[in-house]
Amino acid sequence: MAAISPDVVSNETKVKKKKRGRIEREQIKWGLIFLSPWLIGIVVFYMIPFIASFGFSLLEFNLAVPEATEFVGLANWRRALFNDPNTYESFGVTFLFALISLPIGMAFALLLALLMNAKSVRGKAIFRTLFFMPTMVPLVAAVLIWGGVLNEQTGWVNLLLENVFGIEAVGVDGLRWLANPSLIYFTLTFIGLWAVGNTMMITLAGLQSVPTEMYEAAEIDGAGYWRQLISITIPMISPVLFYNIVLGAIGLMQYFLVPFVLNGGSGFPEGTTNFVGIYFFNQAFKFFNMGYGATIAWLIFAVSLLLTVVLFGSARYWVYYAGEE
Amino acid sequence: MAAMTAPNNRSRLAPKTRDRLNVIFMTSLTTIILFIFLLPLGYGIMTSLKTDTQISTAGSPWYPASPILFEYEGREYEVYDVPVDGNTFQWALVNKGREASEFIDPQNVGAGLIPWEGRWRTLDQAWEFDPVWSNFVEAWNTINFPRLLGNTVFYAVLSTIGAVSSAALVAYGFARYDIPGKGTLFLIVMATIILPPMVTLIPTYAFFNQIGWVGTWWPLIIPQFFANGYNIFLLRQFFLGIPRALDEAATIDGASHFRIFWSIILPQARPALLAVTLFHFFFAWNDFFGPLIYLAGNPDLYPITVGLNGFKGLYEGQDNLIQAASLTSAIIPLIVFFFAQRAFIQGVVITGVDK
């Protein structure tokens, strides 16, 4: 991002020198030609729909009965913010799930990256490929595979726990991974771990960019492994962790596929999987309430924006950028 | 005493041994984690090769197997593990009785029927490894896999062409041309990456519905020809690293703008182009939400993902078929990944580190 500012400055200084007008106009002309696909796209597929979406939120507009469309002012907004408990609930369960799945997902990615970077692990290339492999399995297929392995009666997880570890897991009184409201977020988190590949590789690249002299110096000062991890590794890769958290948090605001494939967006069990993504889909594309759906979409946008601002604000306190200070 | 006589020797050996133990410990730990991590895949493979009978039989083996049968006097009998005096024999059960039964020893038929005291229902059936491949055939046909595959490939190829070519043009514009307000424009590019797609979706959908494109692939393919932020970012980053001296030399030689882009920049950016191609290809292959809403009610056009989800609804109880269909859908992405993993992983790293 820092690379942007010099361009801007050089542009402005050049604009003042009218002598080089012809070359400069040529630059602008060809630059705009190359940018044109994006310039058209940003207007047609982003700006207009973005504003129109707000306009839609002021309408009572059901695609099933388009002739009944009418302007209702802020009625949809009042409904979403004050009268519809499902809206709050959907944001609530989304945050709750984020609080469980983000830390576990990040810790797992970090653990794998540390192992892939450890001197004492042999066969790293093979491990890396195999840990990355499930990321390539189409997510719908991954959900179905996990749904099978976590089946309370016939899934391997419960059979292993019961027959090898002696825990009573099989059956309706056992561990109902897909039906127990207090287990379901862990189930969804496990399914999410199969897509760890990208986060793992980005974290690994972060680890590999930490200068080895820092560890050598710490070694001399007598710092052990954990001490080095907490005082050197984590702070040095904090920009990468930050990037992963931002993308993860924003991704969860759109979380849809896994709960939808598991239970068709029914919220089962006990409404725990009525995430905002699901609620949006049900309103907009199941009931075809385009007006109310647009309102929820705008709320999702507002909350994502707020989240991004808060995360970037918090970055000052814990993210370390080399070269600043 | 030994420690005092040879302190040097010992301190030289100890770290070596410790290193070796460390290697063994850490490598085993990683292997165990990998084993647990890939356990669901093992389950999927094993289940996809089982018969319906095995799935519904409690206590059947974890691997695909069928009960051992033994033919005796023209009829087939099931083989059980029969404990006799502390030894277990695999005998075929010929005459079933409540408290006592008669067996035949397949190894020694001449010995005739062997009476055995005990309830045969308490005995474990004997199984032998016997994978059935017919689940894959059945899943393939029921789900009409060739059609799903054709749709998915059509979407993936066409939208990848659009996404990569448009992003390359735009990224080149951002990397090489001085345009007033370019910094702001690039910030907008970045903002589109984190903009939730839902906030633009409804008017877009209503528009495509108005012009009659809902129920076709066009709403999913056409927008890809207008460059998305993520691809622009990645390619621009790479283009910036290509020395300007080359294109300046070409300009002096009178090469046109498109010629420089095509013959100088693109060939040098091959790794980044390959990475973006792979990303987009996998994105399209996995895309679920878009096809789900735009193709609703038109199953002839479904891609693999949506078809697979429908299949799950139809065959809820038959996990062997569901697993076979799931694995089938994963085969092509996995093959592409194994052949192109270096380029792919490199691309992941480029995007992550530069942000």
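Into which domains is chain A divided? The model is a predicted one. In this model, chain A is split into domain 1, covering 20-75, and domain 2, covering 80-137 + 194-318. Their centres, taken over C-alpha atoms, are 30 Å apart. Domain 1 of chain A brings ten residues to the contact between the two domains, and domain 2 of chain A brings eight. On the side of domain 1 that touches domain 2, H2 and strand E1 (59-60) of chain A are the elements giving two or more residues. H2(A) gives the most to that side, with three residues. By class, this side of domain 1 holds six nonpolar, three polar and one charged residues.

Chain A also meets chain B. The contact takes 79 residues from chain A and 73 residues from chain B. Helix H2 of chain A, residues 21-56, again comes into view. H2 gives the most to the side of chain A that touches chain B, with 19 residues. That side of chain A has 59 nonpolar residues, 17 polar ones and three charged ones.

In chain A, helix H12 runs over residues 238-253 and has 16 residues. From first C-alpha to last, H12(A) reaches 23 Å, close to the 22 Å expected at 1.5 Å a residue. Its buried residues are A:Val240, A:Leu241, A:Tyr243, A:Asn244, A:Leu252 and A:Met253.

In chain B, helix H12 covers residues 270-286 and has 17 residues. H12(B) reaches 24 Å from its first C-alpha to its last, close to the expected 24 Å. Among the buried residues of H12(B) are B:Ala272, B:Ala275, B:Leu278, B:Phe279 and B:Asn286. B:Leu273, B:Val276, B:His280, B:Phe281, B:Ala284 and B:Trp285 are also buried.

H12(B) packs against another helix of chain B. Two packed helices are described by the angle between their axes and the distance between the axes. The axes of helix H5 (residues 145-176) of chain B and H12(B) come within 9 Å. They cross at roughly 140°. The crossing of H5(B) with H12(B) is right-handed. From H5(B), the contact draws on B:Thr152, B:Tyr155, B:Ala156, B:Ser159, B:Thr160, B:Ala163, B:Val164, B:Ala167 and B:Ala168. From H12(B), the contact draws on B:Leu273, B:Val276, B:Thr277, B:His280, B:Phe281, B:Ala284 and B:Trp285. Across both helices, the contact residues divide into eleven nonpolar and five polar, with no charged residues.

Terms used:
Residues numbered from 1 in each chain as written. Chains lettered and ligands numbered in written order. Predicted model: local features only at pLDDT ≥ 70, side-chain atom pairs only at ≥ 80, totals over all residues. Contact = placed C-beta atoms within 7 Å. Helix = DSSP H or I, 4+ residues; strand = E, 2+ residues; numbered from the N terminus. Nonpolar A, V, L, I, M, F, W, Y, C, P; charged D, E, K, R; others polar. Expected span 1.5 Å × (residues − 1). Buried ≥ 20, exposed ≤ 12 C-beta atoms within 10 Å, placed from the backbone. Domains from an automatic or database assignment. Axes fitted to C-alpha atoms, helices over the stretch in contact; angles between N-to-C directions. Left-handed = near helix turned anticlockwise from the far one by under 90°.
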